[in-house]
Amino acid sequence: MTSTVTPPVRKSGSGADQGDGGARRRRLPRIPDRIRQGGLPYLLLLPAVLLELLVHIVPMVIGIVMSFRELTQLYINNWGNAPWRAFDNYKIAVDFDAPLGEALLHSFYVTCLFTVITVGLSWLFGMAAAVMLQENFRGRGLLRAVFLTPYALPVYAAVITWAFMFQRDNGMINHVLHDQLGLTDEPSFWLIGDNSFIALVVVAVWKSWPFAFLMLMAGLQNIPRELYEAASIDGAGIWQQIRKITLPSLRPVNQVLVLVLFLWTFNDFNTPYVLFGESAPEAADLISIHIYQSSFVTWNFGTGSAMSVLLLLFLLLVTAVYLVATSRGRKGSGAE
Amino acid sequence: MPNKALAGKARSPLAPPASFRWTRRIILAFLTTFALLPVYVMVSSSLKPLEDVTDTFQWIPSEITIRPYFDIWDTVPLAHYFMNSLLVAGAATVLSVTIAVFSAYAVSRYRFRGKRVFTVTVLSTQMFPGILFLLPLFLIFVNIGNSTGVALYGSRGGLILTYLTFSLPFSIWMLIGYFDSIPRDLDEAAKVDGCGPFGALFRVVVPAAIPGIVAVAVYAFMTAWGEVLFASVMTNDETRTLAVGLQGYATQNDVYWNQIMAASLVVSVPVVVGFLLLQRYLVAGLTAGAVK
């Protein structure tokens with residue numbers, strides 16, 4: 001921590017010694033070094049802060065304000081004048097007996113189920129791949145590239161390909177399941193009806209497990225090899241090493257990874273949007289696309305904003321609980 | 001990357017048992033199939049005549065044709081979308097990386113009030129549902145346009161601003177970790193030699209952090225290249241990017257699946273090749289920074 005204090009001292013010293021060069025750097029003689037040094041970090045952060053304000057913070061605040069107003073297409077060009085409605089939008093959103101609230105609740109359930117399955121499978125696949133590729137063998141580099149390909153492909157290109165594969169009459173999935181394996185009596189619909197949930201999970205897992213793989217692979221490189229060597233001298237088999245060394249060492253990575261996967265999956269818009277188009281089938285009606293529809297298709301922005309705020313509150317709550325729970329667990333087990 | 005050199009060493013003096021090797025083979029075979037299935041469908045279908053993709057699926061094209069690769073440019077103005085995506089993603093990447101370098105340098109090397117607030121706030125913007133600020137941002141852009149004449153809505157500039165903030169939190173976070181791993185003595189020494197804080201940043205810290213910066217740039221480019229939601233609301237015919245433009249093949253009466261696959265492949269090649277070439281930097285950057 002001392003290093004952050006020393007630079008000004010050293011600098012003023014070197015400036016005095018150096019004469020010309022030092023004087024040129026001191027174009028602003030009125031501002032004392034202490035303040036310039038103090039202001040510099042803020043100057044460095046300024047662009048990031050301004051952009052975060054413009055694109056994230058201010059819009060979020062406006063979004064919250066909008067959720068208290070009646071903002072329909074009548075007021076869209078003049079939204080400052082939209083009538084104040086207090087909590088009406090929220091009441092509509094959480095009135096689970098009315099069609100709108102019931103649809104939101106259903107969408108919430110679907111999203112929760114989708115998130116749990118997708119995060120679980122993505123983590124499992126990523127972990128399996130990372131552990132299996134930990135040791136060097138021929139073809140390891142190639143497999144690593146292969147596994148990262150789904151992550152590298154642009155979402156829309158990849159998901160359009162999946163949409164083609166899930167087509168009923170000319171898709172690959174039905175060709176395999178129906179024509180080649182004879183598992184179904186007739187070709188199923190994958191992009192409408194109940195099956196659409198399965199299709200969505202398959203595509204989402206395909207898209208996100210390589211990210212888990214990437215993070216876990218990076219995490220594995222920080223495990224000292226001596227641990228494994230010591231364990232194998234002590235007679236621990238490879239399975240035991242994985243269970244006793246690899247998994248516990250990855251705890252800090254897992255803490256972040258699972259949270260990030262959860263947030264991305266819960267907020268996922270791109271996958272259902274490209275897979276199904278603007279209106280997702282009911283079985284795969286994720287919350288993002290549901291809110292998008294409530295806002296842009298029906299032009300009811302006030303209610304849409306209220307739903308978004310509720311979503312944000314839910315995510316904040318889950319994140320806070322998750323961080324408290326996992327951090328306490330970590331301290332308790334003394335893994336630090 | 002000292003770990004990299006060690007990674008080549010066998011983990012244990014004993015060869016792994018057969019049970020492990022068989023499990024490994026099965027798992028790796030499954031994951032390879034899963035990962036590459038869509039890639040195979042994309043490549044093989046892009047070489048098929050239209051009859052092949054409108055009728056029952058075939059693993060092998062009945063005849064191989066490269067016609068779709070010529071037709072894609074006429075069916076929709078793909079070259080135009082391509083240029084738009086390239087401009088938007090390129091500019092967003094350069095700006096995002098530059099801004100992230102400055103921010104990460106400040107956080108990593110200086111002690112100041114509000115440091116924790118900054119890092120926590122920036123990271124927590126990652127959790128905002130895009131849908132929550134999509135509409136307000138849209139309204140802000142429209143209003144800035146109306147009052148100042150700076151057209152952000154429908155322009156590439158607006159999209160660049162938006163996209164660069166998407167990759168910013170992760171970039172800053174990763175670069176802080178990376179910069180922290182570079183010994184402070186190096187930039188202290190540079191300061192003693194007469195470099196100002198910016199001299200120390202550009203002559204010492206940035207060159208030492210190249211792998212991390214490359215990794216962040218790859219991430220920023222991919223984020224901007226693949227984004228769909230804001231592209232679909234914030235662009236018009238003139239500024240449309242690939243993310244939206246590619247759907248032009250599907251909304252017409254005939255769905256030219258072979259052309260869609262060809263176009264998907266064409267728009268994927270730049271990012272996939274770039275990513276696979278640079279992925280080791282991403283792993284190294286994550287190892288040094290994010291997952292520590």
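How far apart are the end C-alpha atoms of residues 305-325 of chain A, and how much of the span is helix? They lie 30 Å apart, and the span is 100% helix and 0% strand. Helices here are DSSP runs of H or I with at least four residues, strands are E runs of at least two, and both are numbered from the N terminus.

1. **Basis.** This is a predicted model, in which local features need pLDDT of at least 70, side-chain atom pairs count only at pLDDT 80 or more, and totals for chains, interfaces and linings use all residues. Residues are numbered from 1 along each chain as its sequence is written, while chains are lettered from A and ligands numbered from 1 in the order in which they are written.

2. **Confidence in chain A.** The mean pLDDT of chain A is 80, and 84% of its residues reach 70 or more. pLDDT is the predictor's confidence in each residue, from 0 to 100. Two stretches of chain A stay under 50. One is residues 1-26, with 22 contacts beyond four places in sequence. Another is residues 331-336, with four such contacts. Two residues are in contact if their C-beta atoms, placed from the backbone, lie within 7 Å. Where pLDDT is low, predicted coordinates should not be read in detail.

3. **Chain A, overall.** Chain A has 15 helices and zero strands. Of its 336 residues, 40% are buried. Buried means that 20 or more other C-beta atoms lie within 10 Å of the residue's own; exposed means 12 or fewer; partly exposed is in between; C-beta atoms are placed from the backbone. Among chain A contacts with a separation of 6 or more, 63% join residues 24 or more positions apart.

4. **Chain A, annotation.** UniProt (unreviewed entry) lists "transmembrane region" at residues 40-68, 108-133, 145-165, 197-218, 249-266 and 305-325 of chain A. UniProt positions follow the numbering used here, feature names are shortened, and annotations may be inferred rather than shown by experiment. In the model, residues 145-165 of chain A are 90% helix and 0% strand, with end C-alpha atoms 23 Å apart. The unreviewed entry also places "domain: ABC transmembrane type-1" at residues 108-322 of chain A. Over that range the chain is 75% helix and 0% strand, and the end C-alpha atoms are 19 Å apart.

5. Helix 6 (residues 140-152) of chain A has 13 residues and reaches 18 Å from first C-alpha to last. That is close to the 18 Å expected, taking 1.5 Å times one less than the number of residues. Its buried residues include A:Arg144, A:Phe147 and A:Tyr151. A:Leu113 sits in helix 5 (residues 99-132) of chain A. Why is A:Leu113 classed as exposed? Because 12 other C-beta atoms lie within 10 Å. Its C-alpha is 37 Å from that of A:Gly139, 26 residues away along the chain.

6. **Chain B, overall.** Chain B has 14 helices and zero strands. Its C-alpha trace spans about 70 × 70 × 35 Å along the principal axes. Buried residues make up 47% of its 292 residues. Residues 24 or more positions apart supply 76% of the chain B contacts with a separation of 6 or more.

7. **Chain B, annotation.** For chain B, UniProt (unreviewed entry) gives "transmembrane region" at residues 26-43, 81-105, 117-140, 160-179, 200-222 and 256-278. Residues 81-105 of chain B are 100% helix and 0% strand, with end C-alpha atoms 36 Å apart. Residues 117-140 of chain B are 79% helix and 0% strand, with 25 Å between end C-alpha atoms.

8. **A buried site in chain B.** B:Ala200 lies in helix 10 (residues 197-208) of chain B. B:Ala200 counts as buried because it has 23 C-beta neighbours inside 10 Å. Beyond four places in sequence, its contacts are B:Asp187, B:Ala190, B:Lys191, B:Cys195 and B:Val205. B:Glu188, twelve residues away in sequence, is 7.8 Å off, C-alpha to C-alpha.

9. 92 residues of chain B are in contact with 92 residues of chain A. Helix 14 (residues 257-288) of chain B gives the largest share of the chain B side, 15 residues. That side has 63 nonpolar, 20 polar and nine charged residues. Here Ala, Val, Leu, Ile, Met, Phe, Trp, Tyr, Cys and Pro count as nonpolar, Asp, Glu, Lys and Arg as charged, and the others, Gly among them, as polar. The largest nonpolar core has 168 residues; those touching the most other members include A:Val159, B:Leu175 and B:Val216. Such a core is a set of buried Ala, Val, Leu, Ile, Met, Phe, Trp, Tyr and Cys residues joined through C-beta atoms within 7 Å. Among the residues B:Val216 touches beyond four places in sequence are B:Val97, B:Leu175 and B:Gly285.
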